[in-house]
Amino acid sequence: MQILFVPDPRLSYQGLARDNVRLPLRDDQVIRHFIRVSELIVQVMNRGERISQYGHVSVPAHEIVPLQEACAFLGTSLVSGLRDHDLCLCESGNKYKRCHGRGWSSVLGA
Ligand SMILES: [Zn+2]
């Protein structure tokens, strides 16, 4: 897994958190899911009045824990080199796209 951070000189800090723009370097469901869950975590962390809070931000567990679990699983999958056509990391014996690749719909809203 490779991540490249590139600053955008067109943007300036306006006092509120701004999410990163995440672009996959190849078309793969595992990568798309990781990007989606990363975006959702930022959205949850900045929902409502939390957008202006810094440092320790309290987030209800039911909002963030499923996303953190999905992010950890997907991150581990990517570091392991797993792609959507490979056997799922959970060792079910099914390909990712037919196992956890389907199972994230309640978390990712997709
Ligand atoms: Zn699985």
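Which residues make up the largest nonpolar core?

**View 1. The largest nonpolar core of the predicted model.** Ten residues are shown, given in the record of the core as 10 residues in all. From Val 30 the list runs through Ile 31, Phe 34 and Val 37. Leu 67, Ala 70, Phe 73 and Leu 74 also belong to this core. Cys 88 and Tyr 96 complete the set. Helices α1 and α2 are the elements that give two or more residues to the core.

**View 2. Contacts of Phe 34.** Neighbours within four places in sequence are left aside. Phe 34 is then in contact with Leu 74, Gly 75 and Leu 78.

**View 3. The buried face of helix α2, residues 61-79.** Leu 67, Ala 70, Phe 73, Leu 74 and Ser 77 are buried in α2. Seen down the helix axis, these buried residues fall within an arc of 125°, so they line one face. Their cover includes α1 (29-45), α3 (100-103) and α4 (105-108). On the other side of α2, exposed residues are Ala 61, Val 65, Glu 69, Ala 72, Thr 76 and Val 79.

**View 4. Span and end of α2.** The 19 residues of α2, at 1.5 Å a residue, should span 27 Å. The end C-alpha atoms lie 26 Å apart, which agrees. Gly 81 follows α2 and has a positive phi, near 85°.

**View 5. Gln 68 in helix α2.** Gln 68 has 14 C-beta neighbours inside 10 Å, so this residue counts as partly exposed. Arg 102 is 34 residues away along the chain, and the two C-alpha atoms are separated by 17 Å.

How values were computed. Residues are numbered from 1 along each chain as its sequence is written. This is a predicted model: local features need pLDDT of at least 70, side-chain atom pairs count only at pLDDT 80 or more; totals for chains, interfaces and linings use all residues. Helices (H or I, at least four residues) and strands (E, at least two) are DSSP runs, numbered from the N terminus. The expected span of a helix is 1.5 Å times one less than its number of residues. A residue is buried if 20 or more other C-beta atoms lie within 10 Å of its own, exposed if 12 or fewer, and partly exposed in between; C-beta atoms are placed from the backbone. The arc is that of the directions from the helix axis to the C-beta atoms. Two residues are in contact if their C-beta atoms, placed from the backbone, lie within 7 Å. A nonpolar core is a set of buried Ala, Val, Leu, Ile, Met, Phe, Trp, Tyr and Cys residues joined through C-beta atoms within 7 Å.
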